[in-house]
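Trainee: Please walk me through a sheet and some salt bridges. I would like to learn how to read each feature.

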Amino acid sequence: MSKSPLIHKVISLLVFISSFQVFAYTYPELANTSTPKATVKSFISASDKLIYYWQEEQLRSVEAERALAQVIRTMDLSLVPNRTRQVVVMERILLLREVLDRFDTEVFATLPDESISDYWRFENTDISLIKIASGERAGQFVFSSVTVQQLPRWYRTMQPIGYVDPQRPDYYQNFIHSPGPLLPKAIIESLPGPVHELYGPIPLWQWVAVFSVLIVCFAALNLSIFLGRKWNQHWEQKNIKWKVGKLISLVSCGFILFVTRQVIDQGIWLTGGFYQFLTTCFFLAQFYLSSWLIMALFKYFAALYAFNKHNGKHVDSSLITVLSRIFGGLTIVILGIYVIEYMGFSISPLLAGIGVGGLAVALAIRPVLENVINGLTLYADGGIKIGELCRYGDKLGTIESIGLRSTRIRTLERSLITIPNSEFANMEIDNLERRDKRRMEHVLRVRSELTQQQLKVLIVSLRRTLLQHPKTEEDPIRVRFSGIGEFALHINLMCYIHCKDNEEFLSIQEDILFLITQQVEAVGAQFAFSNQYQLAGKLASIDNGLIDKAEQTVSQWHEANNYPFPDFSYEYKYEIKNSTVFPAKSAATRKDG
């Protein structure tokens, strides 16, 4: 029984030692970059492991990823475009091995094993190692960024020189003929010999594969855009919040480009300048789609906000639209800066150039900024909106759009005028749509043969007609005997009509003029014309019976102490207000029949 605890302790110790060994194997030491010699030795050791896993088609294994990480620690990839792509890093690693494996062993013997100097260069070459001066890795030696960037040139220069080891295969040539991790090498190697021949920078099978993938990608993009348009057409007049076909199609296009890029990167494995060119095209396409998607998102949410704000009515809220464009543009600029940095290009020279030429740029874009600022001023002031009829200067027109640069106006002749915002904001703008009521004023000219009693009855009848109409404002209403002309008596008539729309105003005015004409005829009055027309034509004389009737009416006013001059009593105004039916009961436009 006493031996049992001892046995358990021994077993536990063995388990601990074995787990420590597993731990040591699973997590190898980092590459030693303390001296130039240690850096070169670490690079060769780690790259040997990486090349082994690549040849065994195990680049996706954990061990291969660790070996790749150790190799990257020995190289400065800051000047390499698309340095985050595995195929790009693998190409640089193999190119550097191709160069180093052609050096004699005496060259490596001269590598310093101390970190006295900050720079060391292989003799008769530009391949150098530098010490990192600052940061987390300060004091470590790596292959310089210029060296890594110029590796393709050095490979072409040293390609005629043989390897130190004659049995060594040409890794780089095998690399440019091989597929990526997504495609088994056996499939590609089983293809006929002619498809492996180089045509330009890549073999024939890669040309065929690239064009096939691009054709499928193009067809999928067109299908996605087509389906997005169909979706939006279906929901065009139903519900704006479901009008997301464009957004879905743009997201789908981005996903299609991403999948295509992965097939090219991880399957076909293009290399060299052709890969960089194709990658740049993909980045531009993805940036364009991302920019399009950002603007579409801002526009969609702006339209949705305007839709909800106005109780489900579709409106063109121009201020919200412009603000969405501004914020969308700023987002795209930030995204563009990120893309430039991601592609491996330094933005510092660009920013420095902007700083130096800032004054010139400011002067060049001053008119543009003036238009933008004045456009925002028009929105903030709230004096005009889309669809409103305005008088600007001596012209009339309907506001169609207010953009960042200019305002578009549809004239009464249906022509479209574009005015820069800087000019339009400084104009005197009369917004006719903001009138709470419309003014109607006319001067009636009646024949001078009319008696004074008839004239009084006519004025009272016209005043009563305006008060009785449901679309007129009670105060002010003016019907006055305003003057005596050469051939007529002048009656000035003025009132305000409750409406904003011009067509509605014309229809109400028409109804009132019909009623006025009836009152003129009722008292026996006649409209006056020019003297020449009176002499040439035959006008009927005024009916004596109507004259007597007018005299009796005026007398009754006096007897009842209800003489309506200078105006009606307040009680009478209240009694007769809105007593006229408009539109007429038989009008076709009445909804209640």
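Mentor: We take the sheet, then the salt bridges.

Mentor: This is a predicted model, so local features need pLDDT of at least 70, side-chain atom pairs count only at pLDDT 80 or more, and totals for chains, interfaces and linings use all residues. Residues are numbered from 1 along each chain as its sequence is written, and side-chain values use heavy atoms, with hydrogens and water left out.

Trainee: In what order do the 5 strands of the open sheet lie?

Mentor: Terms before the case. Strands are DSSP runs of E, at least two residues; helices are runs of H or I, at least four; both are numbered from the N terminus. Two strands pair if DSSP finds at least two bridges between them. Here the order is 9-8-7-6-10, with antiparallel pairing.

Trainee: Which are the edge strands?

Mentor: Strand 9 (416-420) and strand 10 (429-431); each pairs on one side only. Neighbouring strands of this sheet are turned by 40 degrees against each other on average, direction ignored. The axes behind such angles are lines fitted to C-alpha atoms.

Trainee: How many bridges join strand 6 to strand 10?

Mentor: There are 3, and strand 6 covers residues 389-392.

Trainee: How many salt bridges does the structure hold?

Mentor: The idea is a distance cut-off: a side-chain nitrogen of Lys or Arg within 4 Å of a carboxyl oxygen of Asp or Glu. The structure holds 17. Take Glu388 and Arg434, which meet at 2.8 Å, N to O. This pair links distant parts of the chain, 46 residues apart. Glu388 lies in the loop between helix 16 (366-381) and strand 6, and Arg434 in the loop between strand 10 and strand 11 (438-446).

Trainee: Is Glu388 buried or exposed?

Mentor: Buried means under 20% relative accessible area, exposed over 50%, partly exposed in between, with a 1.4 Å probe and protein chains only. Glu388 is at 11%, so it is buried. Arg434 is at 40%, so Arg434 counts as partly exposed.

Trainee: What is the N to O distance between Arg447 and Glu449?

Mentor: Their side chains meet at 3.1 Å. Arg447 is buried at 9%, and Glu449 is partly exposed at 40%.

Trainee: Which residues are linked in a network of salt bridges?

Mentor: Asp48, Arg97, Glu98, Asp101, Arg102 and Arg168.

Definitions and conventions: Axes are lines fitted to C-alpha atoms, for helices over the stretch in contact, and angles run from 0 to 180 degrees between N-to-C directions.
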